[in-house]
Amino acid sequence: ALVLAGGDDYALLAAIPPNQVKAVLAGAQGLGIAAASIGSFASAPGIRLSCGGEPLALPERTGYDHFP
């Protein structure tokens, strides 16, 4: 839950066509840039989480609340 709602974690995200992901990751590694594939787009609406292919439940809160 903290990974999704802990706040103050910043990263640059990019949408890469599936057939180019391996090349982009290899290119980033060759430049000494840390990069990882973290998900994919699907035609079905909504957000689904998984880890190692196993589905995970969404946490109750999915964003940081600056005014608790």
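In which strand does Leu-49 lie? Leu-49 belongs to strand 1, which covers residues 49-51. Helices (H or I, at least four residues) and strands (E, at least two) are DSSP runs, numbered from the N terminus.

The model is predicted: local features need pLDDT of at least 70, side-chain atom pairs count only at pLDDT 80 or more, and totals for chains, interfaces and linings use all residues. Residues are numbered from 1 along each chain as its sequence is written, and side-chain values use heavy atoms, with hydrogens and water left out.

**Overall description**

The chain contains 2 helices and 2 strands, arranged along the sequence in the pattern α-α-β-β. The pLDDT, the predictor's confidence in each residue on a scale from 0 to 100, has a mean of 85 for the chain, and 78% of the residues reach 70 or more. Confidence is highest in helix 2, at a mean of 96, and lowest in helix 1, at 66.

The accessible surface of the chain is about 6500 Å², with 60% of it belonging to carbon and sulfur atoms; such areas come from the Shrake-Rupley method with a 1.4 Å probe, and for residues only the protein chains shown count as cover. Of the 68 residues in the chain, 4% are buried. Buried means under 20% relative accessible area, exposed over 50%, and partly exposed in between (1.4 Å probe, protein chains only).

Leu-12 is placed in the loop between helix 1 (2-5) and helix 2 (21-30). Because its relative accessibility is 84%, Leu-12 counts as exposed. Leu-49, at 25% relative accessibility, counts as partly exposed. Leu-58 is found in the segment after strand 2 (54-56), and its relative accessibility of 42% is why Leu-58 counts as partly exposed.

Apart from its neighbours within four places in sequence, Leu-58 is in contact (heavy atoms within 4.5 Å) with Ile-47 and Leu-49.

| Residue pair | Separation along the chain | C-alpha distance |
|---|---|---|
| Leu-12 and Ala-35 | 23 residues | 9.5 Å |
| Leu-49 and Pro-59 | 10 residues | 9.9 Å |
| Leu-58 and Arg-48 | 10 residues | 7.5 Å |
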